[in-house]
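User: I would like to learn how to read the place where two protein chains meet. Please take it one feature at a time.

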Amino acid sequence: MKGLCKSQVLKKFWSRFFTYAFLVILSIMIIYPLLITVQSAFQPGNIVAFALNLHSHWTLDNFRRLFFHTLYLRWYGNTLIIATGTMIFQVIVVTMAGYAFSRYRFVGRRNGLILFLIIQMVPTLAALTAFFVLAMLLHALDSFWFIILLYIGGGIPMNTWLMKGYFDTIPRDLDESAKIDGAGHLRILFQIILPLAKPMLAVQALWAFMAPFGDFLLAKFLLVDQTSITIAVGLQQFIIDPQNQMVALFAAGSILAALPIVILFFFLQKNFVSGLTSGGTKG
Amino acid sequence: MTMDNKINKKAIRKAGILSIIPGLGQFYNKQPLKGIIFMSINILFIIELLTFGISSIQNFLTLGTVPIRDNSMFFLVEGTLQIIILFIYLVVWILNIIDARKTARVYLLDGSRKSSSITILKNVWQKGFPYILTIPAYIVMLFVIVFPVLVTLFMAFTNYDFFHTPPAHLIDWTGLSNFFSLIFLSAYRSTFISVLWWTLVWAIVASTLQIILGILTAVIVNQDFVKGKRFFRTIFLLPWAVPAFITIMSFSNIFNDSMGAINIQVISLINYLLPFIHIPMIPWKTNPFWTKTALIMIQTWLGFPFIFVIVTGVLQSIPNELYEAAKMDGANFWQRFTKITLPMILFATTPVMITQYTGNFNNFNIIYLFNAGGPGDVGGGAGTTDILISWIYKLTVGDSPQFGMASAVTIIISIIVVGVSLAVFKKAHTFDSEEMM
């Protein structure tokens, strides 16, 4: 009896030990590379080693150089404009489509849903030239509306699915009873459903906002002038030349670019779990 | 009775036939507003055809005859746009016939033919609301996704390469020759096969690892006794929160052979802590095998938080009684995991998991930004770690662009990816469940 207890205690100890060991090691593996990037942003001049060195000399030189000797602030502004435009319009389009797919039964609904799921798998990379030519035909090179449109379109399929999934979790009785009370389509949508979908709307807004920060391929092709490129393209220029990699400058620009998104991420973290879980799964 | 039926059918047919010229059927049904709308769409379309359409279709068919004056690529793009416009018009035209016939039938059943423009508008709003909601999404996708896919499809049947760059040279239709080169020309075929092989290995291994790590982490964090859940969850979200291009480019430095943290810090630390083993410096960026290993590790790092979040949600929705009952029956931890937890997770998240695989199949950013597909190459313009999508990129922007070939490869990829995913979805009965659809 006593032996059993002891072995159980031991088992409990080991299971806890391994659990925390796992969590701590994984945390270190996540934080370590990020910390290296953050730290290298504060290192002077050209970096000899891209590794963690807490005794190094800390300086703000890179940020000064970034602000006053490169177009970084301009790129930052461009990215913010493009991201905001993408966010506003994508959330509107995706909310409308997701709501229709969730709440109405109409001819073409099922095939529409399958199409949305499949179409995002087709790579459109080879057609970069096509976008470039289209932009030339429309005199839209370097203009933000064109690239915003492309980002919106790229995000529609997946996000419509997730949005629909979230609407599915909002009980139907709510809109049924409103309908009986004589509420029209718009009133049900704006006064009943949308307020309940706020967590997911926030998540959708964040994703749409993030996309232009992360993409550099489309931006590289369609934004030609140095004054109209986005952060991703601009930062890549710092390290593209293997002979003259400005790693510290790149790191400084990176953490400033990542900061707003990381902050938003943690503010919305709670919405995230609920939004994604109901949106991304069947149950 | 049969007489009536005959007359009815005649009226319906008449409305339908009249609608071949859009609007006439609606006028016949005494719906002038609808008639005017359909008719003006038709007139606009005819004007468009005369000013732009017909010539652009002609140019599309020839792809230009005089170099410099004619730019084949412009013709190709304009022709594709014209095909899309034609398609939209066709949809409107069919809708117009369906509408005329339907209205004719309804009126004959009701016996009345009066319906004011206002009731029609109301009707459109009431019945057409889901369509009004989805139309913007379809229109944007038509130009942002369908348009490039069509252009790619067409380019695959041309000889668009560095010998034929407009406007100095013309592009020509060459039928299936790109596909033949891929299959029969040994240089292209061997490149294609080796790149495809690594693409498959990459997509399967990287996605599976990120799914396993995501599920494992979620299950471990979700244990009742774990303290600081919020703290750990916050940290585990970081790889997702930081824009991927930043972390990939940082990793590219961290894995640098001579000045990167992995070689000069991590490996020396491991050697110090475990004196009985000795790991040498690893050629992460110069040896294909190690570059591939690094890529897979980095993708696992980048991709697991998404799975972690989703699985955490699923775990929280599994009722506790299920586990209690299993415990009563004497099931141990492993049995509970494989018999309850895992099936629940997989059932709930199949579509998301599949998008992980297709996403990695086309994951251009990590391959290109980490080591530009290098080191070295396997011929045909592809590097040793290039996957199909980054090979396509190189075929498109390299020193000797091969747009036609790149498009042919894209078409083949798309058929593989879409075919396999459809099969998996079908097998998982994704489209059958009412909840899902």
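What follows is a short walk through an interface and a few residues.

Analyst: This is a predicted model: local features need pLDDT of at least 70, side-chain atom pairs count only at pLDDT 80 or more, and totals for chains, interfaces and linings use all residues. Residues are numbered from 1 along each chain as its sequence is written, chains are lettered from A and ligands numbered from 1 in the order in which they are written, and side-chain values use heavy atoms, with hydrogens and water left out.

User: How many residues of chain A are in contact with chain B?

Analyst: Contact means heavy atoms within 4.5 Å. Here 104 residues of chain A are in contact with 105 residues of chain B.

User: What is the area buried between chain A and chain B?

Analyst: Buried area is the accessible area (1.4 Å probe) that two parts lose on being put together, summed over both. For chain A and chain B that area is about 9,200 Å², and carbon and sulfur atoms give 78% of it. Helix 1 (residues 2-41) of chain A supplies the largest share of the side of chain A that touches chain B, 17 residues. Helices here are DSSP runs of H or I, at least four residues, numbered from the N terminus.

User: How many residue pairs are in polar contact across the interface of chain A and chain B?

Analyst: A polar contact is a pair of N or O atoms within 3.5 Å; within protein, one must be able to donate a hydrogen and the other to accept it, and residues adjacent in sequence count only if both atoms are side-chain atoms. The rule finds nine such residue pairs between chain A and chain B, both residues at pLDDT 80 or more.

User: Is A:T19 buried or exposed?

Analyst: Buried means under 20% relative accessible area, exposed over 50%, and partly exposed in between (1.4 Å probe, protein chains only). A:T19 has a relative accessible area of 5%, so A:T19 is buried. This residue lies in helix 1 of chain A, and its side chain makes a polar contact with the side chain of B:Q223 at 3.1 Å.

User: What does the side chain of A:H185 reach?

Analyst: The side chain of A:H185 reaches the backbone oxygen of B:Q126 at 3.3 Å. A:H185 lies in helix 8 (residues 185-196) of chain A and is buried, with a relative accessible area of 10%.

User: Why is B:F180 called partly exposed?

Analyst: B:F180 is called partly exposed because its relative accessible area is 45%. The residue lies in helix 6 (residues 177-184) of chain B.

Technical notes: Helices (H or I, at least four residues) and strands (E, at least two) are DSSP runs, numbered from the N terminus.
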